[in-house]
Amino acid sequence: MTGFAELIAATNFSFLDGASDAGAMVGRAVQLELGGIGIADRNTVGGVVRAHQALKKARDGLLGMAMPPLDFRLVVGARLVFEDGTPDIVAYPATRRGWGRLTRLLTVGNRRAEKGGCILGLGDLIAHHADMMLVVMPKSSARGATPVSPLPDGDALPERRERDLATVLSAVRRLGADAVWLGVTMPRGGRDRRRLARLGRIADAAGVPVLATTDALYAYPDDRDLHDVVTCIRERTTIHKAGRLLAANGERHLKPETEIARLFRDRPDAVAQSARLLSRIAFSLDDLKYEYPHEPVPEGWTAQDWLEHHVWQLALERYDYRVPEKMRALLHEEFALIRERKYAYYFLTVHDIVRFARAQDPPILCQGRGSAANSVVCFLLGVTSVDPMKYDLLFSRFVSSERDEPPDIDVDFEHERREEVMQYIYRRYGRDRAAIAATVIHYRPKSTVREVGKALGLTEDVTQRLTSTVWGSFSSRFQEQRFAETGFDIDNPEIARLREMVDRLLEFPRHLSQHVGGFVLTQGRLDEMVPIHNGAMEDRTFIEWDKDDIDALGLMKVDILALGMLTCIRKAFDLMREHGHGDHKLDTIAVAEDDRVYNMLCKGDSIGVFQVESRAQINMLPRLRPRMLYDLVVQVAIVRPGPIEGDMVHPYLRRRSGKEVAEYPSPDPKFGPPDELKQLLRFTYGVPLFQEQAMKLAIVAAGFTPNEANQLRKAMATFRKVGGMDNFQAKLIGGMVGRGYEREFAERCFKQIEGFGSYGFPESHALSFARLVYVSSWIKCFHPAVFCCALLNSQPMGFYAPAQLVRDAVEHGVTVLPVDVNASGWDNSLESSPVRGGGPREAGWRGLQRTSRLRLPLFQARRLRRAPPPSCGWSPSPCRGGFASRLSAGGWVSTGLGRRDRPRPDHAVRQHRGPRAAGEPATARDEPARRRRRVPIDRQGAPRGVVGRPQDTAKAACAVRCRGRA
């Protein structure tokens with residue numbers, strides 16, 4: 001390695017600016033034998049974890065090949081782009097404290113701007129400059145950002161003013177004379193040497209050394225054309241019209257030291273300064289030590305002891321003070337691992353969140369799922385509802401001592417009330433200690449073709465035609481067959497260029513979004529570990545690292561997820577309680593299973609039922625014929641892309657129905673017992689349907705270590721990603737053959753497991769969902785009116801439109817009553833009617849939600865018991881063209897009004913303001929509005945025969961819309 005390091009390099013996390021990913025930048029710098037590289041994206045540290053991981057993998061690969069260690073350094077920071085006229089400044093933290101100051105600085109700028117923006121001023125840097133190395137660039141690259149309104153408390157936008165380079169250098173140098181450099185490039189613009197001399201004089205006058213850099217935006221010279229394309233996408237123009245918006249040449253790529261030395265031969269000291277700056281930086285991402293929040297525990301207790309005490313108490317209560325021996329063994333195993341990994345606070349946090357939800361009035365239904373269902377501690381704490389002891393679930397899939405990864409607990413809440421839980425977390429921990437993880441939105445085939453096509457000057461009909469055959473959005477390449485299917489010649493230069501650019505841009509990050517509910521919590525300030533952004537949704541904040549980045553750095557998150565079926569079930573419970581059908585809970589319904597529920601499911605009668613309402617699931621139910629809860633587990637998991645592509649569905653069904661004998665091949669006797677596979681796959685007839693089974697199969701039959709099995713799990717969990725399973729083919733097949741299994745059987749097993757790469761279910765996940773399948777089926781079977789009413793009141797959710805749900809309810813004998821202004825409320829509701837023999841029955845529901853489209857408080861305040869005649873000037877809503885025009889004539893029957901007598905929106909509301917003062921002129925709202933005449937409408941929806949001023953035409957059209965005839 002040489003002494004020169006390229007210390008100003010951007011990745012594609014400088015969105016629509018950088019044209020290479022972090023791995024390519026690091027790999028190219030290593031290939032060029034540079035001494036190091038500095039990754040500094042525009043006002044973000046979003047790409048630094050990926051660069052860190054790329055270098056780590058390179059070093060691990062060299063160690064695996066018994067090669068000398070890599071003498072290469074990676075330093076991470078950010079390019080600060082200011083909105084007050086200050087030139088860009090690249091900031092590198094020298095210490096862990098400096099990293100905290102940098103991330104807090106970026107958080108200040110992010111919180112001032114709307115999502116995706118950052119508003120910084122030089123004064124912000126001065127306030128947060130401690131322990132940072134600063135490289136001042138000659139110019140500003142600011143593009144403007146939209147401030148939020150109102151600004152955070154006590155904050156103000158920086159004042160914009162023109163600042164020359166010498167003034168900025170002098171101001172920044174006062175922050176630390178030995179921590180400031182002037183970055184200079186040699187862009188081969190014809191005046192490079194004169195420009196270098198001029199900037200050198202400015203730097204010398206300010207007492208600041210010059211730093212040689214290429215200010216790299218991409219790794220290889222060939223990436224220049226891709227950079228031109230992303231520039232056109234950013235500027236919303238085409239290659240033909242971009243002009244000077246594009247770079248003059250392709251020189252912003254990484255260069256070897258010899259080339260840098262030649263370019264800066266007039267200032268050799270500028271080349272040497274890179275090694276000096278590199279030596280001043282001691283910080284690495286490995287220095288980030290995560291500490292989970294310390295939950296309050298009773299005085300005199302440690303978190304671990306309190307967790308164990310509380311769980312043992314719950315176990316004694318659940319099992320009537322006779323805890324089964326198997327449960328005791330599982331608890332001791334989990335407690336030992338939780339103590340070793342210091343995860344007690346994490347379990348207490350999740351328990352507190354679930355406790356909060358259930359303590360609300362009314363309680364918020366919630367249920368844990370995912371790998372957390374493998375834990376008996378989560379089960380006893382009430383976080384999950386699946387008994388791992390009963391189903392022999394694999395705890396190592398949740399937490400394992402062999403892999404250095406934090407646990408991940410997912411909890412579903414009612415989708416209409418999840419925000420209450422999320423805001424509780426923000427209140428409890430504060431905005432500086434809690435935020436949602438990010439999700440990186442990548443380019444996908446359709447959007448990439450459209451945007452690249454526009455940049456290359458292709459018309460919209462061409463790109464629309466090309467994308468019309470794309471199915472799905474997670475491919476890493478735009479297949480050649482797409483061009484043939486749409487009639488385009490791949491040999492056409494423009495089409496060939498389009499395909500090349502699309503393939504190169506696919507999977508580039510496009511922008512950051514927020515995770516669906518993954519919270520990252522810290523004991524100290526979270527904004528001293530990673531910058532925090534404003535979300536697009538009000539009162540939401542998120543960090544700029546996604547799930548993979550969090551896992552790489554060992555941060556723990558809690559997933560606060562939303563599930564519409566929980567809302568539906570809670571509303572169904574409320575309706576049953578209100579109408580005298582019992583007080584039910586999630587835990588009470590699924591305890592005693594009823595054959596009538598399974599009889600209904602075996603007929604495919606599952607419209608509206610959770611997870612089994614799709615056409616594919618409805619077709620599968622009569623074939624699988626579930627008769628117990630575990631059959632529903634299989635039903636949930638089997639109709640997925642993974643089992644289908646892995647050819648697991650038909651073998652399972654044939655074996656289940658007795659048409660085929662389940663086979664359990666045996667290994668060589670010297671390697672294991674003959675029934676090792678039967679013990680593993682007996683419940684699924686020898687077919688590995690779940691991820692846990694695939695992991696156990698790899699460990700038992702192929703000799704995988706637990707860590708290798710976990711890597712296999714990660715490859716199986718690459719839903720919406722491509723690749724990963726091929727790396728395990730030789731290991732799995734070779735391991736099984738080496739232990740005495742037939743190669744044909746080993747290859748068939750790998751093909752089945754490979755299908756999980758397209759999306760397969762873990763068993764614990766399917767078990768959690770199966771309980772909700774049974775509960776929703778039970779409600780539909782025994783209370784169809786309640787079920788449909790709750791579904792309608794929980795919309796939008798599920799596969800079916802409200803009309804289809806209503807039709808299904810009618811087919812189940814439910815009477816549907818029409819909308820009535822005196823009987824209906826905002827939500828659909830149930831009414832009871834007498835039947836022979838006495839007692840009420842469910843007759844049906846009424847609802848106004850589908851017709852009124854009004855906000856709940858406004859409508860409830862204006863509900864009538866007796867509607868006055870139209871001559872009173874009454875209107876049921878102050879909204880013009882609102883409720884009255886949308887409510888059918890039948891909705892007014894109980895008021896005694898006919899179709900022609902019902903209130904119209906053009907009967908204005910008289911507003912009583914007291915007597916007018918003497919001399920005060922009458923206003924339009926003091927007199928009833930005159931009935932507007934009908935205006936005929938042409939086929940384009942515009943009023944015909946209306947003459948006069950434009951505003952008169954607009955008023956006439958509005959009058960027609962208000963009467964519901966537009």
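Residues are numbered from 1 along each chain as its sequence is written, and side-chain values use heavy atoms, with hydrogens and water left out. Since the model is predicted, local features need pLDDT of at least 70 and side-chain atom pairs count only at pLDDT 80 or more, whereas totals for chains, interfaces and linings use all residues.

The secondary structure of the chain comes to 40 helices and 16 strands, taken as DSSP runs (helices H or I, at least four residues; strands E, at least two) and numbered from the N terminus. Of the 966 residues in the chain, 53% are buried, where buried means under 20% relative accessible area, exposed over 50%, and partly exposed in between (1.4 Å probe, protein chains only). The accessible surface amounts to about 44000 Å², with 50% belonging to carbon and sulfur atoms, as computed by the Shrake-Rupley method with a 1.4 Å probe, only the protein chains shown counting as cover for residues. Among contacts (heavy atoms within 4.5 Å) between residues at least 6 apart in sequence, 75% join residues at least 24 apart.

The whole structure holds 57 salt bridges, each defined by a side-chain nitrogen of Lys or Arg within 4 Å of a carboxyl oxygen of Asp or Glu. One of them pairs Asp 17 with Arg 143 at 3.4 Å, N to O; this pair links distant parts of the chain, 126 residues apart, with Asp 17 in the loop between β1 (5–9) and α1 (22–31) and Arg 143 in the loop between β5 (132–136) and α5 (165–173). Asp 17 counts as buried because its relative accessibility is 10%, while Arg 143, at 41%, counts as partly exposed.

Within helix α13 (residues 344–359), Asp 352 and Arg 355 are three residues apart and therefore separated by about one helical turn, and their side chains meet in a salt bridge of 3.0 Å, N to O. Asp 352 is buried at 10% relative accessibility, and Arg 355 is partly exposed at 41%.

A salt bridge of 3.1 Å, N to O, also joins Asp 583 and Arg 577; Asp 583 is exposed, with a relative accessible area of 55%.

Arg 236, Lys 446, Arg 450 and Lys 454 form a positive surface patch, a grouping of residues with over 30% relative accessible area and no salt bridge, in which like charges are joined within 9 Å. Lys and Arg count as positive, with the charge placed at NZ of Lys and CZ of Arg. Arg 450 is found in helix α17 (residues 445–455) and counts as partly exposed because its relative accessibility is 35%.

Terms used
Patch = residues over 30% accessible without salt bridge, like charges linked within 9 Å, V, L, I, M, F, W, Y side chains within 5 Å.
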